[in-house]
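Welcome! Please take a look at the structure below, and then let us walk through some of its parts together.

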Amino acid sequence: MKHYLLLPVLFLLISCSENDKKKTPPSEALQRSVLDTLKTPADFFPSQKAKVLVVGTFHFDYPGLDSHKTTPEDQIDVLKEPKKSEVSELIAYIKKFKPTKIAIEANPNWNATKKLREYGEGKYRDKRDERYQLAMRTATELGLDTLYQVNAYSLSGDLYGKDSIYLKKITGDVNWDYKEPLWKGFENWMAYDDKLIPKIKLTDYFKYMNSKESHQYGYGIYLLGNFKTENNQGADHLSIWWYNRNLRIFRNIIGITESPDDRIMVIMGNGHAAILRNLFESSPEYEFVEFDSL
């Protein structure tokens, strides 16, 4: 008889235990509720942003101002076929972005807008410089009457002008002969690039050189060699020279941005494009448009 009396009690205990297992602890339920309504950082900023297309380029006229110089046998001529037609194809491609503003690597005294007006009158058609071949041709075909000069000089130049002795104290011991085991990879990459340009169409090459991977490695090159100088002088030199210059360029582009409806095309040497990509992707003011997505 005792066993029969214990059965209901035992059943009740088992039932309560199973119900307890099904119940979610209050703290866990709260956590799930928060996770279900979790906001991302983007939720706190306007969804409509100015769109930016960065067109990283090599210098069509080969001025020889960069550390890497293309040998004459690997240089192309954008005024002669087949590259002349390929420039037209490239312009047709970047026009798909429908820019409302075009920013270029030029200083204020270059008088870009004045030259754009003169270009429309027939001047400068024999210039190989990408500022004429890409920026002015695109602006003219789209009916834009202004080119924005957004180049900047670096803080290191300012410091040299004000106190060259102090600048020497903080960067004068940079080891320019630093033995970098990865530098050979950079040299091989640049040599490969130089020989690639004559072999493929310009639009395809621009898609390749403006890819995220190309920009990533192009940015990373500056983190090799003399950057590794001890006592942080390599890091200080890079930050007040190259990185600072690109920050100033980025600030100049902010200065021409007037509305989230702006569509800004930036034509820059690809070394600049690599850092500008990082800045535009990080800024809550802009939407970075991938070059190969047009």
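## Helix H9

What covers the buried residues of helix H9 includes helix H7 (183–196), helix H8 and helix H11 (270–282). Here, contact means heavy atoms within 4.5 Å, and buried means under 20% relative accessible area, exposed over 50% and partly exposed in between, with a 1.4 Å probe and protein chains only. Helices (H or I, at least four residues) and strands (E, at least two) are DSSP runs, numbered from the N terminus.

H9 spans residues 212–220, and its buried residues are Ser214, His215 and Gly218. They fall within an arc of 95 degrees seen down the axis of H9, so they line one face of the helix; the arc is that of the directions from the helix axis to the C-beta atoms. The face turned away from the buried side carries the exposed residues Lys212, Glu213 and Gln216.

## About the model

This is a predicted model, in which local features need pLDDT of at least 70 and side-chain atom pairs count only at pLDDT 80 or more, while totals for chains, interfaces and linings use all residues. Residues are numbered from 1 along each chain as its sequence is written, and side-chain values use heavy atoms, with hydrogens and water left out.

Which residues of H3 are buried? They are Lys83, Glu86, Val87, Leu90, Ile91, Tyr93 and Ile94. These residues cover an arc of only 155 degrees around the axis, which puts them on the same side of H3. Their cover includes strand S1 (50–57), helix H5 (130–142), helix H8 (202–209) and strand S4 (263–269).

Glu86 is buried, with a relative accessible area of 8%. Leaving aside residues up to four places away in sequence, Glu86 touches Ile200, Lys201, Leu202 and Thr203.

## Loops worth a look

Most residues other than glycine have a negative phi, and most peptide bonds are trans. A cis peptide bond, with omega about 10 degrees, joins Glu81 and Pro82. Pro82 is in the loop between S1 and H3.

Asn111 is not a glycine, yet has a positive phi of about 55 degrees. Asn111 sits in the loop between strand S2 (101–104) and helix H4 (112–120), and counts as partly exposed at 42% relative accessibility. Asn231 also has a positive phi, near 65 degrees. Asn231 lies in the loop between H9 and helix H10 (233–256), and is exposed, with a relative accessible area of 70%.
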